[in-house]
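Work through these exercises with the structure open beside you. Try each task before you read its solution.

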Amino acid sequence: EAEPFLESRATQAAVAMEGKGEMDKAPQQARSGFLGLVGETPLVELRCLSQSTGRKILGKAEFLSPGGCQKDRVARQILEEAVAGGALNPGATVVEGTSGSTGISLSLAAAALGFKVHVVMPDDQAKEKAEQLRRFGATVQMVRPVSISSPEHYVNVARRHAQALNAEKGPGAALFADQFENPANFRAHYEGTGPELWRQCEAHGENPRLDAFVMSAGTGGTLAGVGRYLKERSPNTKVVLADVPGSALYFKVAKGVLYAPEQEERSIRRHRQDTIAEGIGNDRLTANLALGLEEHSGFCAVDGAVQVSDQEALQMSQHLLAHEGLFLGSSAAVNCVAAVKVARELPRGSIVATVLCDSGNRHLTKFHNPAAWAEYGLSPPRPHEALDLSFV
Ligand code: PMP
């Protein structure tokens with residue numbers, strides 16, 4: 001039986017110090033600016049989840065990326081491909097519809113490349129994301145959250161804005177980044193995050209193994225890109241979608257039906273009202289998620305789906321803070337709850353990886369805000385003494 005987690009903290013501190021010694025010995029070359037810092041994020045074992053489940057639970061620490069999220073990879077890939085394809089004039093404007101994270105990553109990547117950024121976002125996201133965007137020099141346009149079928153949806157407004165700039169100033173004046181439909185998003189994860197995660201699993205032992213990969217989906221780029229790479233390398237690895245209340249994606253993956261067309265409006269409404277989580281869940285099948293689904297791409301990268309409640313996610317965020325000193329955002333918390341659910345279905349000793357997308361610092365006014373919990377009908381998380389995972 002494993003040593004109880006709390007009692008073994010002193011030992012773990014000693015082990016961590018030894019590990020640090022190893023890291024210091026590895027030669028580290030200077031990286032080049034923002035773009036050079038993107039990628040090669042650490043993999044961290046979530047020991048408090050491993051100890052309680054008897055499975056090894058690992059998190060890809062994307063919150064340590066320079067722009068604070070795995071979206072840095074997507075922003076870099078979209079801009080590098082556009083520049084290579086001659087789609088952007090010097091000083092051009094990159095336009096994007098985003099819940100915030102992609103806009104932040106694009107603003108930083110664009111600064112490094114000499115482009116401007118205009119972001120269109122729904123006005124129900126945590127306020128600090130818009131604040132950051134403005135500090136990073138982006139212009140921010142807020143719109144009401146409406147159905148994608150409405151011309152006023154943030155993605156449609158962004159697309160029209162880019163078209164208008166190109167019509168006015170000539171081709172190459174603006175780029176619609178289009179994270180939902182642009183397969184550069186998928187490629188960033190298929191060529192970057194996926195191979196990195198697999199190499200990090202190889203480093204764990206002689207027989208590289210990953211039994212499951214678990215991830216929520218907004219655009220679906222991470223799930224489909226990483227999932228497809230892993231499935232090609234390691235067909236026995238289970239790839240599982242983590243989904244939030246009100247999202248249609250769970251039904252698409254688990255039951256093959258996105259939603260009945262007459263339910264579209266209801267699906268949108270539910271998604272907006274029913275989850276406090278940001279950047280994940282969707283009411284439509286994007287091109288990037290479709291790249292991982294058999295009926296659309298001929299390749300089955302996603303094996304199943306699990307649903308996670310906001311209360312579970314909130315309690316998980318408290319758990320990871322209390323036991324690991326990790327303060328994470330809503331999607332990371334959702335992913336960790338789902339990783340535990342998936343791990344419990346696998347034999348003891350299995351290895352499950354997920355993504356720690358962003359830090360809790362980006363969620364102080366919503367996911368980590370007691371006033372918002374009340375608004376979403378959530379109870380305050382219980383303080384944690386023990387390694388009790390009975391809330392999942
Ligand atoms: N977490 C956060 C914080 C995000 O902003 C997003 C995307 N909007 C996701 C997770 C989901 O990633 P993907 O778009 O690759 O599905």
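**Exercise 1. The shell around the ligand**

How do the residues of the shell around the ligand divide into nonpolar, polar and charged?

*Solution.* Bear in mind that this is a predicted model. Step one: find the shell. The ligand is surrounded by 18 residues. The closest are S101, G218, T219, G279 and S331. Step two: sort the shell by type. Five residues are nonpolar, eleven are polar and two are charged.

**Exercise 2. The chain as a whole**

State how many helices and strands the chain has, and what share of its residues counts as buried.

*Solution.* Step one: count the elements. The chain holds 16 helices and ten strands. Step two: look at burial. The chain has 392 residues, and 49% of them count as buried. Step three: look at the contacts. Take those between residues at least 6 apart in sequence. Of these, 73% join residues at least 24 apart.

**Exercise 3. Helix 4**

Compare the span of helix 4 with the expected span, then list its buried residues.

*Solution.* Step one: check the span. Helix 4 covers residues 71–84, which is 14 residues. From its first C-alpha to its last it reaches 20 Å, close to the 20 Å expected at 1.5 Å a residue. Step two: check the cover. Ten of the 14 residues are buried, and helix 4 is mostly covered. The buried ones are K71, D72, R73, V74, A75, R76, Q77, I78, L79 and A82. Step three: find what they pack against. The partners are helix 2 (33–37), strand 3 (93–97), helix 5 (101–113), strand 6 (174–176), helix 8 (184–202) and helix 9. Step four: look just past the end of helix 4. There G86 takes a positive phi of about 70°.

**Exercise 4. Two residues**

Is D72 buried or exposed, and is P347 buried or exposed?

*Solution.* Step two: count its neighbours. D72 has 27 other C-beta atoms within 10 Å, so it is buried. The cut-off for buried is 20 or more. Step three: name its contacts. Leaving out residues up to four places away in sequence, D72 touches V38, S65, P66, G67 and S105. Step four: turn to P347. It lies in the loop between helix 15 (330–344) and strand 10. P347 has 9 C-beta neighbours inside 10 Å, so it counts as exposed. The cut-off for exposed is 12 or fewer.

D72 and D303 are 231 residues apart along the chain, and their C-alpha atoms are separated by 27 Å. P347 and K116 are also 231 residues apart in sequence, with 50 Å between their C-alpha atoms.

**Exercise 5. Helix 5**

Work out whether the length of helix 5 agrees with its number of residues.

*Solution.* At 1.5 Å a residue, 13 residues should span 18 Å. Step two: compare. The end C-alpha atoms of helix 5 are 19 Å apart, which agrees. Step three: check burial. Eleven of the 13 residues are buried. Among them are S101, G103 and S105. Step four: find the cover. It includes helix 2, helix 4, strand 3, strand 4 (116–122) and helix 6 (127–135). Just after helix 5, G114 takes a positive phi of about 85°.

Key:
Residues are numbered from 1 along each chain as its sequence is written. This is a predicted model: local features need pLDDT of at least 70, side-chain atom pairs count only at pLDDT 80 or more; totals for chains, interfaces and linings use all residues. A residue is near a molecule or strand if its C-beta atom, placed from the backbone, lies within 6 Å of it. Ala, Val, Leu, Ile, Met, Phe, Trp, Tyr, Cys and Pro count as nonpolar, Asp, Glu, Lys and Arg as charged, and the others, Gly among them, as polar. Helices (H or I, at least four residues) and strands (E, at least two) are DSSP runs, numbered from the N terminus. The expected span of a helix is 1.5 Å times one less than its number of residues. Two residues are in contact if their C-beta atoms, placed from the backbone, lie within 7 Å.
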